[in-house]
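Colleague: I would like to learn how to read a protein model. Could we take it one feature at a time?

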Amino acid sequence: MTLIFSYSNLRLSAFICVPFIKNMNLLNIYDYERAAAEAMPETFYAYYAGGVADNLTLHENRAAFDRLKLLPRIFRDVSHISLETELMGVKRPSPTLIAPAAMHKLGHADGELATARAAHSLGVPQILSTLSSVAVEEVTAVGHPVWFQLYIFRDRAWSQAIVQRAVAAGCEALVVTVDVPVQGLRENLQRINFSIPAEILLPNLNRPGDSQDATSLLHLVNQNFDPGLTWQDIDWLRSFTDLPIWVKGILRADDAQRAAAAGVQGIIVSNHGGRQLDTAVTPIEALPAIATAVGDQIELILDGGIRRGSDVLKALALGANAVSLGRAPLWGLAVNGEAGVRHVLQILHNELSNVMAQCGCTTIAELTSDLIFKPPQI
Ligand SMILES: Cc1cc2nc3c(=O)[nH]c(=O)nc-3n(C[C@H](O)[C@H](O)[C@H](O)COP(=O)(O)O)c2cc1C
């Protein structure tokens, strides 16, 4: 297989040194991560891959999935497997979404457009970051469904204008990220002096008079993230938008109940991919208590550490309605743009289908908690 990169509008010399990756066996997400590490400038790879502080939560997000053992059912006629799922009352071809991630142009010159084309071709909702490097209008023009992830700034008029743009662009839902009251201390990035090329812009943030390049805007944004957010801000959002609201970054059952009481559409059980609070509980460990606490009142998406179809199965078995994928599609993007993202999604869908068959399940509804082995209490 020959993979071709195109970086005509970016000054990314390290990429140009590796225009081709030949004969790579890209069979799973780990293969893609290794290929992305080869293909990307070291600092950009570090930005995508890294966690926070001692990276303990980053590693635990994976380890917690690996600790869970499956209890497969037999003799179930698994000739036909369907990944079809319903989310927000809409039938979806699979229980996967693309998680919001800032600046896809660090991975590929087409940035979020490449991701959007791949996601759209498979009917996978893309949650577009506030900090995307392609404007929301250009992304929704590729096709739907696109959801918009919002960071609420101290300047509420600015935040409101961003939401109104997302609504006008046709986004299907609003995802409010609540686990960044302050930025986690990403020492790995400080040590390598991470910086963003001047060509990368954050066009969702356009505000007259501000610089538009990502370096200065990120600085501005970090200064402007509102640490004063409370549950009342859900009412504030409702005062000017009818879009279904999701809250991203919940790990506690009591917060999940508050979210249900606040009337949100759903929550994303997430620790921000291990990039915020180190030693925070992993989403897959937090999920069962949250699922019990909210029952059917709201929908649940889980993200963090999903690299295998069996991870998706485990999350759905423990109560998630769907999962969202953070780094996995970024590795596909960095290796081979739109085709890479599509391949990563297909790999995960194929793996999910395969493990469902082996667990004796033909539909997503059959993924229940008895598929997860519980060691006997002694
Ligand atoms: C490079 C990168 C950038 C991210 N940017 C955002 C963001 O802008 N907004 C947000 O809510 N979450 C962001 N996240 C967190 C993801 O949405 C998601 O919670 C996390 O990546 C899931 O873990 P995983 O990468 O192990 O799948 C980012 C994650 C990565 C890896």
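Colleague: Take helix α4 to start with. How many residues does α4 have, and what distance does it reach from its first C-alpha to its last?

Modeller: A word on the source before that: this is a predicted model. Helix α4 covers residues 56–67, which is 12 residues. From first C-alpha to last it reaches 16 Å, close to the 16 Å expected at 1.5 Å a residue.

Colleague: Then α12 is next. What should the 12 residues of α12 span, and how far apart are its end C-alpha atoms?

Modeller: At 1.5 Å a residue they should span 16 Å, and the end C-alpha atoms of α12 are 15 Å apart, which agrees. The buried residues of α12 are Pro-283, Ile-284, Ala-286, Leu-287, Ile-290, Ala-291 and Val-294. They are on the same side of α12, because they cover an arc of only 140° around the axis.

Colleague: Why do residues three or four places apart point the same way?

Modeller: An α-helix has 3.6 residues a turn, so such residues point the same way. As for what covers the buried residues of α12, the elements include α4, α11 (253–261), β10 (266–269), β11 (299–303) and α13. After α12 comes Gly-295, whose phi is positive, near 50°.

Colleague: Now a residue in a loop. Where is the place of Gly-143?

Modeller: Gly-143 is in the loop between α6 (136–142) and β7 (146–150). It is partly exposed, because 15 other C-beta atoms lie within 10 Å. Gly-143 and Arg-117 are 26 residues apart in sequence, with 7.8 Å between their C-alpha atoms in space.

Colleague: Which residues come nearest to the ligand?

Modeller: Of the 23 residues around the ligand, these are Ala-99, Ser-129, Gly-273, Gly-326 and Arg-327. The shell divides into 9 nonpolar, 10 polar and 4 charged residues.

Colleague: And the whole chain: what radius of gyration does the protein chain have?

Modeller: The protein chain has 20 Å; a compact globule with 378 residues would have a value near 21 Å, which agrees. The chain has 14 helices and 12 strands, and 47% of its 378 residues count as buried. Of its contacts with a separation of 6 or more, residues 24 or more positions apart account for 69%.

Notes
Residues numbered from 1 in each chain as written. Predicted model: local features only at pLDDT ≥ 70, side-chain atom pairs only at ≥ 80, totals over all residues. Near = placed C-beta within 6 Å. Nonpolar A, V, L, I, M, F, W, Y, C, P; charged D, E, K, R; others polar. Helix = DSSP H or I, 4+ residues; strand = E, 2+ residues; numbered from the N terminus. Buried ≥ 20, exposed ≤ 12 C-beta atoms within 10 Å, placed from the backbone. Expected span 1.5 Å × (residues − 1). Arc of directions from axis to C-beta. Contact = placed C-beta atoms within 7 Å. Rg over C-alpha atoms; globule rule 2.2 N^0.38 Å.
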